[in-house]
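These are my notebook entries on a structure that I looked up. I record what I checked, in the order in which I checked it.

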Amino acid sequence: MTDTAQTYEAEIPAKRRSRFTATLAHDRKAQVGLAVLLLFAFAAVFAPWLAPFDPNAMTMDMMSGLSWTHPLGTDDLGRDLFSRILHGTQVSLLIGVSTVLIALVIGIALGLVAGYFGGWVDQIVMRYIDLQWAFPNFIIAVYLVAVFGTGLLNVIVALSLAFIDDFARIVRSMTLSLREEQYVDAARTLGFSKARILFIHILPNAVAPIIVQATVSVSYAILGEASLSFLGLGVDAYTPTWGLILADGRGFITQAWWLGVFPGLAIMLVVLAINFVGDWLRDALDVRQAVEG
Amino acid sequence: MRSDDPILEVQGLEVGFPIRKGLFQRPVAEVKAVNGVSFSVPRGSAFGLVGESGCGKTTVARAVLQLVEPTAGRVLFDGQDVARMDAAALQRFRGKVQAVFQDPFSSLNPRMSTGRILSEPMRVHGMTPGPGIKAEVRRLLDICGLPARFADLYPHEMSGGQRQRVGIARALAMNPELIVCDEAVSALDVSIQAQVVNLLEELQKELGLTYLFIGHDLSVVRHLCDEVAVMYLGRIAETAPSDRLFAHPRHPYTQALIDAVPNPDPDFEAGREIEPLEGEVPNPADPPSGCFFHPRCRLATDHCRQEAPPLGQISSGHLAACWETGAITSTNHHSRDANENTGRQR
């Protein structure tokens, strides 16, 4: 077989670059998205130092427009909108990310088990998921908050439980198709454990649709928190979150447009940035995609 | 290399898949993909299992590999019933019996480099000490005809033949005794097929391997295998040493299969008269009565339609399941005249 050896030489690519940096270099949207997210993350961490005012301090300077002292104006109680949005970043990002992480872990576990083992396990898991699927995620979150009460932790738990079905469904269907792959049969004949087959051979090959769903879900979680706050089921009345600011400003949209526009803009920017970054992650994690140079 | 103690024995193997219907998914019927198959593979030999797609040959392979559970029958490895093995024995069995799969595009995990694919079994089972793993990967690549730098490549960066070599190398990583080749070369180009078949032959000589070779390409099977069993619709139609089977096929189905192999000599092709096999393989969920082959058989008689023929001995090691070949007799045997007018009915 030595005759074939020489012809193979040319096909081996030069030294591999990290796929993350290599794909990022070509992806303008990902660069923008990453920059925006870093900016918001920075704002979230350093909000207490960056904010010019106490976000809850009321002044007599009510509903004033954009000015040097109040770059984004003030609300009906004279609170500085810029400071409030900065502080709101903390809670909104925390809820967006932690909600999806929790839903991801539970959803992946349920989906893998249901898809790989099938039978009655699958029946039980999927009938529950169907039940949850029948209700819009937001209704479930509202219901859970109504039962367990408001507060940061309860909002996170409620939203993550509401998102489980999306992940469980995707992971199950990916598992169903991937378990028929011959490399899974090969892994079984090699005597690998079920955990190894599930987490090393199946899950990494299902990662692309999971990432897409995760980025969409982060967006929905931030919007979900905003909607819960809007209904008065959010964290609490004293913690500024983007949703709460938006809800408070809604009544004055004709007199003070900035109260609705800026928190909305913050939500939109983060959601958009997360989607850009998600697309990039999906490409970067796909070894099959060619990477130039 | 060959000796008479069988490394693998399959006895009366049946594999059925339930057909489920309705709200509660109750099984209403069963498709018997494998319907009472028995054979034994001598150590150091190559045993071929051939047949059209859907005849159950792959299911036999999967049952031998313990990827599907047989509904009846036994698989004995080294005289031990695989179904009754405890966890430790099963783990040893997993090491000794490996597989090379059909589709080189699906048989390698697309997210793993060749090096990881080959080193994973060593790491997981702790067979090779950590520092030796790299050298062992290089050795496996080398004996499969791939340069060491292939360890860094991902499956999508290799051609079908190269991937199949990696698949073979992975099977060898466990130092197996028996390798089940499930259509291991059918997905490859003819020239690549020849290379891989040669590789399999070399490896057999060097490492003293035993092969259970599943295929539908008779010329490959004839070249590689010492013994061949022809399967039709979940049953063995004929089994014999390779030379004898191809020289003197006794079962009409085997004859039709061998006739269908094209001959590279155009004069020969032009001169010969072949009777093509008509019809389709029947639905295994609703198999015909008697001999499963009778609707397509040129010799079929009423007897064939009523009673399934058992495997009868034609000569030592040569068995065929056919009433008409003279190998078996039954009490209500009858004349051959009947097939003149009814032979082609379905």
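**Entry 1: domains of chain B.** I began with the domain assignment of chain B, which gives domain 1 (6-248) and domain 2 (252-346); such bounds come from an automatic or database domain assignment. The contact between the two takes 24 residues from domain 1 of chain B and 18 residues from domain 2 of chain B, where contact means that the C-beta atoms of two residues, placed from the backbone, lie within 7 Å. I noted the elements that give two or more residues to the domain 1 side: strand 2 (26-42), helix 7 (218-224), strand 9 (227-232), strand 10 (235-241) and helix 8 (242-247) of chain B. Strand 10 of chain B gives the most to this side, with 7 residues. By class, I recorded 15 nonpolar, 4 polar and 5 charged residues on the domain 1 side. Ala, Val, Leu, Ile, Met, Phe, Trp, Tyr, Cys and Pro count as nonpolar, Asp, Glu, Lys and Arg as charged, and the others, Gly among them, as polar. The centres of the two domains, taken over C-alpha atoms, are 29 Å apart.

**Entry 2: basis of the model.** I note that this is a predicted model, in which local features need pLDDT of at least 70 and side-chain atom pairs count only at pLDDT 80 or more, while totals for chains, interfaces and linings use all residues. Residues are numbered from 1 along each chain as its sequence is written, and chains are lettered from A and ligands numbered from 1 in the order in which they are written. Helices (H or I, at least four residues) and strands (E, at least two) are DSSP runs, numbered from the N terminus.

**Entry 3: sheet of chain B.** I found an open sheet of 4 strands in chain B with the order 2-1-4-5 and antiparallel pairing; strands pair if DSSP finds at least two bridges between them. Strand 2 and strand 5 (80-81) of chain B stand at the edges with a single partner strand each, so one side of each has no neighbour in the sheet. Strand 1 (residues 6-21) and strand 4 (residues 72-77) of chain B run antiparallel and are joined by 5 bridges. I located B:E14 opposite B:A72 in strand 4 of chain B.

**Entry 4: contact between the chains.** I recorded 21 residues from chain A and 28 residues from chain B in the contact. Helix 1 (2-8), helix 8 and helix 9 (194-202) of chain A each supply at least two residues of the chain A side. Helix 8 of chain A gives the most, with 6 residues. This side has 10 nonpolar, 6 polar and 5 charged residues.

**Entry 5: A:I200.** I placed this residue in helix 9 of chain A. A:I200 counts as partly exposed because it has 19 C-beta neighbours inside 10 Å. The C-alpha atoms of A:I200 and A:A187 are separated by 10.0 Å.

Technical notes: A residue is buried if 20 or more other C-beta atoms lie within 10 Å of its own, exposed if 12 or fewer, and partly exposed in between; C-beta atoms are placed from the backbone.
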